[in-house]
Each structure stands twice: as C-alpha cells, then as structure tokens.
Amino acid sequence: MKPFPQKYDIKASEAALQARWASEEAFKWDSDAPAELDYVIDTPPPTVSGALHIGHVYSYTQADIMARYMRMSGRNVLYPIGWDDNGLPTERLVEKVKKVRGGTMARDEFVALCKEVIPEFEQQFRDLFSHLALSVDWSREYQTISDESRTVSQMSFLDLFHKGLMERRLEPSLWDPADRTALAQAEIEDAEREGLLNYIPFAIEGGELEPVVIATTRPELIGACGGLMIHPEHPRAKELIGKRAISPLYNVPVEIYAEDSVDPEKGTGVVMCCTFGDVTDIQWWRTHKLPLRMVIDQAGKMIEELAIGTDEWPSLDLDSAKATMAALAGLKAAKAKETILELLKDKDLVLKQEKTDQIVPVAERSGAPIEIIVTPQWFIKTLDFKDQILEKANEITWRPAYMKQRLESWVEGLKWDWLISRQRHFGVPIPVWYSKRPGEEGKIILPTKDELPVDPTLTPPAGYTMDEVTGEKDVMDTWATSSVSPQLNTRSVTEEYALDYEVHKRQFPMALRPQAHEIIRTWAFYTIVKALHHEDVVPWKNIAISGWCRAADGEKMSKSKGNVIDPIKLIDQYGVDPVRYWTGTSQLGQDTNLSDNTLKQGKRLVTKLWNAIKLGHMSFSAAAEACEFAPTTPAADIASGAISHPLDRWLLGKLAETVQTATKAFEAYEYAAAQRAVEDFFWRTYCDNYLEIVKRRTRFEGEPSDEEMSACLTLWHASDTLIRLYAPFTPYVTDALYDILHGEGETSPGTVHARGSWPKADDMAEQGFYADEGRAFVQILGAARKVKSDAQVSMKTEATMLTVKGDGTLEALIGDTVADLLAVTNAQAAEVGDIPAGLTPAASPDERFTVALALVKPEE
C-alpha cells in the first residue's frame, strides 16, 4: 500500500499511465493462452479523412468499455486497431492538402502523395485514441492500404473469382458524375426534392391515332427513349400496344409495349423507358430487349455526338434530331433539362407542368444525383444469395436485437449485385491483366497468391511483358477491403489463400463486431457476404450497433449548423474519464445527446471516487501501521471472523449483489445497465450511508479493536471492488487508485485492467445477509436526516432521544446496531413508541417508518 497523494493530478496521472500501459504491453493479446479464452474484436478502422469528431470518441469508447470488461473477466482479448486509409475521403484529403486533382495525375504519382500525407492524420487518430485510453493492442495496428492488407484483399478477389462469384460485366451501373466513379447500391441515399412533372405528347406513327401523352421529370432523356410502356388495362392499351410512337424533337420511332408493372394511376399511365433513368428502366430494357441509347456521359453531361440516323437509331427528321443534339451538347443534366423544355415549349409540346415531390437517388459522399450508365465493372454476386445471407444474419446475435431488421430489409430490397470496381487512384488495385497477344486478346490473366500484392498498371504478369497486356486500372471499393477486416487481422481468407491459416482458424469467426447503425447496409452486410462466400461461416458471433452522438438539443451535428464539437477540446474541458462516463450512460442502438450535465456528473464522480477511497485509505492504512493488516477476500475474511459486524456484512452483501448485477449486464452487452448498478451502490449505499455509519469505528488510535478491524477490512474490500467495477468506464482514476492500494514504494502492482481482475462471485460475501435490518436501518436514518433538514439544523446537531413510531424494540428492527444508529444520528438514546407531543416527525423515504428527534437546542 502506498501513501495517498495530497491531490489527484489528472494530467500527470494520465500521461504516466499511458506510458506504463505501453511499456508493459498491458493490453497485448497472449498467444500462449488457451484458445478457448480468446475474445477477438473486429475493430472498425476509422476513415483517414482529416476530420476527428465526437462520434469517434463516442462509438470507440462504447467498444472499449466492453473490451475492458471482457479482458477483466478472464478472456484473452485481441483488440486490434487499423486505419481505413484508402478510398475517396482520403483522396479528397490529399487533394486538399496538396492542392492537386488526382484525376489529372498518373496513378503512381498520386499514390505517392497519399502515402506522404496520411501518416500525419493517422497520428492524430493514434494520439486521440491513446489519450482516450482505448485498450487496443497497438502491436496489431494495420492500414488497409499496406502491402499485407492489399495482399489479403487481393487474395479475397482471387478466391471469389475462381469460385465464379466475381465477374466483370458490361452493364448499367450506378454512377456518380461528380466523383466520376461507379458506386454500389449501398453508397446511394435518397434525397427529397421538389420536381416538375412535364406532360409531353408522342405522335403515333401514321398519324391516324391521337398522340399518346407521357409525364416525365427527366425530359432531357427523351433522346434515350427506347420504348413506351402501357398497362394492359389502360383505356388506350388495345389501340396502342404494338404501334410505334415518335419521340418529340428527335423523331425516333419507338415501339409501345404492354407492361404489367406500369402504375396506371401514376402520371398518364404511359411511361417512357429510357436508358437509363432509374432501375425500372433497366428491368424493362432487359425484359423487352430494347436498344441501348446513352445520351449522358461519365461527367454527367449530354453526349455531343449521338449515333442518331444509323440503322440502330433511326430518325424520321434527322435535321431536327441534330439540332436538338447541338443545343444540348456538353450541358450538364440539370441545364439540359431547362434547355430541352424551352425547345419543346417552342413547338407547343409541353401540354402541362405540375410540381411533384421526388425521391432522387444521390451519391452518399458527393451528394450528386446518380446517373445510370453502361460501363465494364467488376461485381460480386449477391442477388442469388439473399436467402443464405439472411440465414447467416440469423446465426449472429444482434445487440440490440431489433437492429437485425435493418439488414433484413436491406437484403430483401437488393436490386444489384455488389459492384466493387472504382475509377479512382488510391485503393487496392484489382489484380487483373487483359492479354493483347494475338489469338488471346482480352483474356483475363490473374496472379498467383505468391505474387501478391500486385499493381497491374506497373508490373506485368509472369511470362508476359507490359507491351503484351493491359493492366486493370480500376481499384477496389474501400468496402471491398473493409469487408475483410476480420481477415486482415487473421491474415487469411481461406485455407488456400492464407498467410497464417493456423491463426485464422483460432481467431475466426471473431467474438464481436462493434459498429454504427448507418453502415449496417455496407460494412456489416459486405462482411457477412465475404464470410459466406469464402468459408460459408459468419464473421462474428455478436454485432454491437451504436447510435449517433447528437448535439445537446438532439439535432444531428453538422458543420452547416455550427454545432460540431471538437473531441480534443471536450476532453481538455472535462477530462477523459468524465467523457467516458458520459458514453457509458448511452445504450447500444440508440442516439445519445451530448449532455453537459452528464459530463459534469462524470467529473463529480471522479472526484467522489478519489475522496471515498482516500477516506477508506486513512482507516486501513492506520490499521496496517498498528498491526498486521492482511485482507484476503470478503468471503474468506467473513469466514475467519475478521469481518463480523452486521453492518459490514450487510454492506458487503449489497456489494456482492452489485457485482452480480453488473456482471450479468456486461455479459448481455448492456454496459449502461452495469454502470447504473455500480452508480446506485456507490452513491446511495456506500457514500450516502455506509461511510457515515462506519465513522465511529474508524476513529481509533493504536491497535484497532475487533469491530474496528472489521470496519477497516470492509472499507478495503469495498474500495478495491469499486475500483474494479468502475475500471471499464473510468480507466485512469481507477488504475491510479489501484496503484495506491496495491503498490509498494516505487514498484508497480500491474494494472487493474489486467486479464482476470474482475471481482469473482465466489470471493464475494453472502448476499442478503442482514438485508431486512440493514434496509430498516437506512430508512430510519433517512427519516432522522429529514427531521434535521426540515428543522434547518446541522446533521451534527445532538438529540436527547430518537423515537421510531411503533411497537416492540429497536433491536427487533435493526438488530445489534443501535450503537451505530445513535452515533450516526448523534442521539443519546433511541426508542420505539409513540411520537412525543411537541415534536415534528418525518417519514422514511419508503414511508415505512415515522421518526422524531428531541433536538438539543443550541445555547443562546
């Protein structure tokens, strides 16, 4: 035991503990421990985008609270950390820092810039996470763009390709014209906007029938029209089906088809099918084998030269078509819409316009409206595996359980296979070459596992020269790498594609994936798909879903609202432990508002815990100086008779209940419930009551009596156990206190956060001992305090008599603790009986007892 410091120097203590944890490798996974003790966490690698935000503090602390408990409970925790340092956000950061445009540079030059810039921003994360006391195993740090990560990602590609689950297809793809890259369905968001529904007539070939009117919000796509769709029950269906309509301005004949999926109540009940306005257009294009007529390019601009006038794309008035093309050439889609509407109005071809509420798909990152264009892309098959994906989702324990519905809804609504190729620079290269040798032109060439990682734009495949191949320029979507985050740590994807398959077998599937709810459709979904396709397993046994951290008023934080909180400033203002305490009050799956009151309460807790342990230390250190003081466990010290006082045994019984409740909550991943249980015991039972009750037995001089030693041992066990119970939430103050209680001189006793340091049920006292008497004692004490409070006198004010209304004896109510009641209430005597006349009584908090005090009046 060490002397207690005069004050808690938070900054100095935090720095010292960070250094000690690092030097002692306190949180390193033990490869020599039995495999059955392993608890491996699939830690989310934060995106290196240059922006640290309070969400990082919030979500990563949630995971760390669980990691610390699991380690303390005896599990061999592997808690790795990585950085998602490839992808569009990182490219944007580098472009901003270096004032360049990646798209105008050679890939190797831009990649070199990225590798130059990202270490500084990774260090910012490292500093924040270290200060935040994340108990990660820093020896298992990784980057998603490192050679090893690229190897694992490319092994994943090869395995899926050879299994027929990865293929390159020329087909319509979701396209972000702002970032000029293909996107997966999961990277699309729906934006609500007000649009304009334009009613436009299409003449019917031959001129005998009335024109058919379509209603569209995208008139700029009229040139891409390949057919009109009409419901078979439409009033004009019989006369129109099989006929050809003439597109306005372009004068291209297009056939009219019967289509059951047309909504006859929407618009005019006749729909223009273009290539491509939306996903429905793709379905109709495939079903009816319509011609492919693209009018928008990869920059989101109208194509300047269309093949109108050819046999595949005929026009009945080529001059009008060319004039329309010229008027629209090079315009962005929004401007082209305005222009074509002017052209149509000039010819009286806009019959009506109506405002309409639209749901417009936009790119998650850039916010640009999505186009659908035809490009060669790489896809992982998912649509054919919906049932298997849902089966795997059911094998995982979702925490909270209702979050599984988000994945189920996403899978059920899938319309695309997973598109993984991206037209960017800084990502994991797709490991493919295309042969240019005569006789095998276009042949796909793949590297072997031993050749990985490869960049096919820089090196040729074995047996070829660079002149004989074209290297794939596309890189993998960042999710294609993040989706193998478990395998990045186990360094293997299958037995065939492995760098260390024995480790993989031991650590995969993992125990836990902590992540945010908004990426269930991406990171969770994709990781489940990869585990299914590679080894037909689940990637983890549990998935813990966090909510968002919102501003104090419940609004989502954003720069535009000016309510973004700098996490470093927040930590500087309140300290790490109070911030972690605030996080510990949140619940999985639910959004939490940033609360100054809760942060202040966390600060108050740190101070109170320090002072409460200090108060106990004064007593048991005095006992240690006067005689042998050798606490064992609460159960053993009670069994030996060293702890004998009924209120001590009552307190330790309540503590045992708290340990049981907190343990059960932690095992169910309900860390907030665990914190509440510890809080309730600490404040209400221990500080508000027991520390006041026990004071009379801690003011000894010389060698303590038996009941005083009982008090000292109880204070020791309560202090030690409270330190352990609070450790997952407030790691700094608890480890500083643990060092005081268990250290000697300059030596360190290790850390309270060590594996197996959680309080053990078998070591705890008997639960329920003296429960009725202890409850009655506390209630009577509460009533006595209220009497003094109502009388507006000090709690130290003496009383000649304490009266509890009722029959019988005080001993029958509170057992052999009357002396303790007299001492804590500063009463000379106590009785059970009628309330004396002239005294103002007070009810106990539970209203079971009525108590009066004959207070000694102060001398005038």
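Arg437 and Glu468 form a salt bridge in which the closest N and O atoms are 2.9 Å apart; a salt bridge here is a side-chain nitrogen of Lys or Arg within 4 Å of a carboxyl oxygen of Asp or Glu. Arg437 lies in the loop between strand S18 (433-435) and strand S19 (444-445), and Glu468 in the loop between S19 and strand S20 (469-471), so the pair ties together parts that are 31 residues apart in sequence. Helices (H or I, at least four residues) and strands (E, at least two) are DSSP runs, numbered from the N terminus. Arg437 is partly exposed, at 27% relative accessible area, and Glu468 is likewise partly exposed, at 24%. Buried denotes under 20% relative accessible area, exposed over 50%, and partly exposed in between (1.4 Å probe, protein chains only).

The model is predicted: local features need pLDDT of at least 70 and side-chain atom pairs count only at pLDDT 80 or more, whereas totals for chains, interfaces and linings use all residues. Residues are numbered from 1 along each chain as its sequence is written, and side-chain values use heavy atoms, with hydrogens and water left out.

The structure holds 54 salt bridges. One of them joins the side chains of Arg169 and Asp417, at 3.0 Å from N to O. Arg169 lies in strand S5 (residues 166-176) and Asp417 in the loop between H11 and strand S16 (418-419), so this pair ties together parts 248 residues apart in sequence. Arg169 is buried at 17% relative accessible area, and Asp417 is buried at 13%. Another salt bridge brings together the side chains of Asp536 and Lys392 (3.3 Å, N to O). Asp536 is in the loop between H15 and strand S23 (540-546), and Lys392 is in helix H10, 144 residues apart. Lys392 counts as buried, with 8% relative accessibility.

Helix H11 (residues 404-412) has Leu407, Glu408, Trp410 and Val411 as buried residues. These four lie on the same side of H11 because they cover an arc of only 165 degrees around the axis, the arc being that of the directions from the helix axis to the C-beta atoms. Their cover includes helix H10 (386-395), strand S15 (397-399) and helix H15 (520-535), where contact means heavy atoms within 4.5 Å.

From H18, the residues Leu605, Leu609, Ile613, Gly616, Ser619, Phe620 and Ala623 meet Met709, Cys712, Leu715, Trp716, Ser719, Ile723 and Tyr726 of H22.

Most residues other than glycine have a negative phi, and most peptide bonds are trans. Tyr669, although not a glycine, has a positive phi of about 65 degrees. Tyr669 lies in the loop between helix H20 (646-667) and helix H21 (671-693) and is buried, with a relative accessible area of 5%. Asn251 likewise has a positive phi, of about 60 degrees, and is placed in the loop between strand S10 (244-246) and strand S11 (253-258). A cis peptide bond, with omega about 0 degrees, joins Leu452 and Pro453; Pro453 is found in the loop between S19 and S20.
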